[in-house]
Amino acid sequence: MENLILCHPKASSGQDPNQAIVVKCKVPQTIPDDHVLLEVDRFGYSANNVTYQALGEASHFRYFEFHHAPEAEGVSSKTHGVTPVWGFGTIIKSTHPQVHTGERVYGYFAPARYLLLPVSSDVNKYAFFVPRPHLPPDRRPYNQITRCAEDPLYDPSPTAEDLTMLYRPLFWTSFWCEDWLNSSNYKGGSTQIIISSASSKTAFCLAYLIRRRNALQGSSTRRVIGLTSTKNLAFTKRLALYDDVFDYESFDTSLVGNLARGRWIYVDVAGNDALNARVRDHFRVCGDSELATCIALGLTNVSASTIDPLSLGWGSDSETPHTADPKVEHFFMPEWLSIRKQQLSVSAITQMQKEAWTRLMADCGTWGVSLRRVCGPEQVKAAYDEIVRRGLAPEDAFVWTLWGESMEYGSRAKL
Ligand SMILES: NC(=O)c1ccc[n+]([C@@H]2O[C@H](COP(=O)([O-])OP(=O)(O)OC[C@H]3O[C@@H](n4cnc5c(N)ncnc54)[C@H](OP(=O)(O)O)[C@@H]3O)[C@@H](O)[C@H]2O)c1
């Protein structure tokens, strides 16, 4: 059996990291003990994955250390990385006594046709885990493989599976980020939240959840402002999730007078140095406002060839900070979740997530995001190249598969 896997040169190899290749290699015929062989049916692809790639070698994130590039002609794990993707698959072989052939699973997979994974002794009816002792323990959510048959959030309909791959990895970041903000009473009572890359799913899900919190608390005083690029302004306004939306060019002339008053939180999803400097400058001179904190959440504006992992959109270490500048906090979902797991029971967390997910699935249909299914290795590579050339449009939600020309759900066509 032949495997296909989407790989990228590592920036450290001196090659262009945006030159994706689909590598052919053999599927192992003998499966070591306590392993599973999966068919990866399909996976979501968004700016989140572009960020995983850009931070693949960054020492704090190490996204290239979840799956390794195969040894093939001109390719090795020394020179190439595999960008993780969230997807659905089916177990076709298992040498673990508690995990069974034929099980449908969801997890943090490689963009491949087949994936061989070790299974730790930590198996329960809801999930099993991939042992990755070389990574910090808080990466556990990435090591979890969810067993769909017992997943309270699982809906086997094809559209529900697609929406799961697209929203689940981002929505939980937005969800736990809002929970984190709420746990500090929005950083000491801030009433204005401004979010960059407002058209991205992570940003608008955060806006959606802040509005939800307002509704639960019976408060309409907390406002959410979106910043986006001119080309995505209309889409972001149509979402109707923000109180105001401004483009990057003109926000500083729009946010004045009454609109600017109060205590602010800036949530940065774009990770753009120049924009962040302008936001800080704006609040330095805005007399009636105070920027309480800047939260680094995403990096939609960087690609693997532009990333400076030391800066992450907040200037280099050598830049002298202004004394009046607020601190910059990095929100990393696994770290906050590991704290919440010490404060809340597993069943309380499960219940919170189930309620939020059910509501999201009921509400997201009106947001104007449409599924773009891309099937086959050449087509997936072409779709990736298009993202490198043009970026990601917010209305396109990608679901990719390295299998056949048509994605026939349930009876997938294989090449
Ligand atoms: N901290 C965490 O734990 C965590 C977890 C999940 C996601 N995130 C991060 O959140 C960010 C958003 O991910 P997503 O999947 O929600 O995004 P998405 O929905 O795919 O976002 C698409 C948006 O990204 C911006 N964009 C796309 N290509 C661009 C390019 N080449 N140059 C500049 N901007 C571009 C545009 O927004 P605008 O025009 O509005 O700028 C575009 O509408 C990612 O950086 C992701 O890594 C962080």
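**Notes on the predicted model**

1. Let's start with a loop. Ala 240 sits in the loop between helix H6 (233-238) and strand E12 (244-247). Ala 240 is not a glycine, yet its phi is positive, about 60 degrees. Please keep in mind, here and below, that this is a predicted model.

2. Another residue with a positive phi is Ser 197, a residue other than glycine whose phi is near 50 degrees. Ser 197 belongs to the loop between E10 and helix H5 (201-217). With a relative accessibility of 8%, Ser 197 counts as buried.

3. Strand E10 itself (residues 192-195) contains Gln 192. The relative accessible area of Gln 192 is 5%, so this residue is buried. What is Gln 192 in contact with, leaving aside its neighbours within four places in sequence? The partners are Arg 223, Ile 225, Leu 259, Ala 260, Arg 261, Arg 263, Trp 264 and Ile 265.

4. Now to strand E17 (residues 396-401). Six of its six residues are buried, so E17 is largely enclosed by the rest of the structure. In a regular strand, side chains alternate between the two faces of the sheet. In E17, Asp 396, Phe 398 and Trp 400 point one way, while Ala 397, Val 399 and Thr 401 point the other way, and all are buried.

5. Which strands pair with E17? Strand E16 (residues 370-375) pairs with E17 in the parallel sense, over six bridges, and here Ser 370 stands opposite Asp 396. With helix H11 (residues 377-390) included, E16, H11 and E17 make up a right-handed β-α-β unit.

6. There is also an open sheet of three strands, in the order E2-E1-E4, with antiparallel pairing. Strand E2 (21-26) and strand E4 (80-81) are at the edges and have a single partner strand each, so one side of each has no neighbour in the sheet. Between strand E1 (residues 2-9) and E4 the antiparallel pairing runs over two bridges, and Pro 9 is found opposite His 80 of E4.

7. On the cysteines: how many disulfides does a search of the whole structure find? The count is zero. As a reminder, a disulfide is a covalent bond between the sulfur atoms of two cysteines. For Cys 25, the closest cysteine sulfur is that of Cys 7, at 7.8 Å, which is too far for a bond. For Cys 375, the closest one belongs to Cys 148, at 19 Å, again too far for a bond. Cys 25 is buried, at 18% relative accessible area, and Cys 375 also counts as buried, at 10% relative accessibility.

8. Salt bridges are next: the whole structure holds 21 of them. In one, the side chains of Asp 41 and Arg 104 meet at 2.3 Å, N to O. Asp 41 is part of strand E3 and Arg 104 is part of strand E6 (residues 104-109), so this pair ties together parts that are 63 residues apart in sequence. Is Asp 41 buried or exposed? Asp 41 counts as buried, with 9% relative accessibility.

9. A network of salt bridges links Asp 41, Arg 42, Arg 104, Glu 161, Asp 162 and Arg 373.

10. Two further salt bridges are worth a look in the viewer. Arg 284 and Asp 281 meet through their side chains at 2.7 Å, N to O. These two residues are three apart in helix H8 (residues 273-285), so about one helical turn separates them. Arg 284 is partly exposed at 36% relative accessibility, and Asp 281 is partly exposed at 37%. Arg 62 and Glu 65 form a salt bridge with a 3.0 Å N to O distance. Here Arg 62 is partly exposed, with a relative accessible area of 22%, and Glu 65 counts as partly exposed at 26% relative accessibility.

How values were computed: Residues numbered from 1 in each chain as written. Predicted model: local features only at pLDDT ≥ 70, side-chain atom pairs only at ≥ 80, totals over all residues. Heavy atoms only, no water. Buried < 20%, exposed > 50% of the residue type's maximum accessible area, 1.4 Å probe, protein only. Helix = DSSP H or I, 4+ residues; strand = E, 2+ residues; numbered from the N terminus. Pairing = 2+ DSSP bridges. Right-handed = clockwise from strand over helix to strand, strands pointing away. Disulfide = S-S within 2.5 Å. Contact = heavy atoms within 4.5 Å. Salt bridge = Lys/Arg side-chain N within 4 Å of Asp/Glu carboxyl O.
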